[in-house]
Amino acid sequence: MQELNQECAETYYNRGLAHSKKGELELAIEDYTKAIELKPDYAEAFYNRGGAFLRLGEREKAKSDLATAGNLGSDAIIALDKILQDYDRAWKTLGNL
């Protein structure tokens with residue numbers, strides 16, 4: 001059963017990637033979410049869902065997903081989280097000008 005869930009999770013993840021490339025971010029988020037439900041430790045799905053949330057301007061959801069992805073252990077995800085933190089600092093600085 002677990003092997004089937006892994007395969008289904010990958011199918012949803014890949015469909016999410018396709019939706020994301022076409023700019024269909026809400027559909028991509030739905031597919032990434034389904035992949036995460038089937039495989040709760042799916043770092044790449046959290047990472048890409050976080051990116052989709054960020055593109056939609058939903059920064060808190062993006063930060064949460066990127067942090068989860070980083071906790072699951074990907075160096076690229078950890079690097080992106082640092083970039084997001086730097087972006088937040090820059091945004092706050094610009095807001096104070």
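A residue counts as buried when its relative accessible area is under 20%, as exposed when that area is over 50%, and as partly exposed in between, using a 1.4 Å probe and protein chains only. Keep that scale in mind as we walk through this predicted model, in which local features need pLDDT of at least 70, side-chain atom pairs count only at pLDDT 80 or more, and totals for chains, interfaces and linings use all residues. Residues are numbered from 1 along each chain as its sequence is written, and side-chain values use heavy atoms, with hydrogens and water left out.

Let's start with the whole chain. Its secondary structure comes to five helices and zero strands, where helices (H or I, at least four residues) and strands (E, at least two) are DSSP runs numbered from the N terminus. Of the 97 residues, 30% are buried. Taking contact to mean heavy atoms within 4.5 Å, residues 24 or more positions apart account for 43% of the chain's contacts with a separation of 6 or more.

Now zoom in on D31, which lies in helix α2. D31 counts as buried because its relative accessibility is 4%. Leaving aside neighbours within four places in sequence, D31 is in contact with Y12, R15, G16 and H19. With H19, the D31 side chain also forms a side-chain polar contact of 3.5 Å; such a contact is a pair of N or O atoms within 3.5 Å, and within protein one must be able to donate a hydrogen and the other to accept it, while residues adjacent in sequence count only if both atoms are side-chain atoms.

From here, follow α2 (residues 25-38) to helix α3 (residues 43-55): their axes come within 9 Å and cross at roughly 155 degrees. The axes are lines fitted to C-alpha atoms, for helices over the stretch in contact, with angles from 0 to 180 degrees between N-to-C directions. Angles under 35 degrees count as roughly parallel, over 145 as roughly antiparallel, 65 to 115 as roughly perpendicular and the rest as oblique, and α2 and α3 are therefore roughly antiparallel. On the α2 side the contact includes L25, I29 and Y32, and on the α3 side A45, F46 and F53 are among the residues involved.
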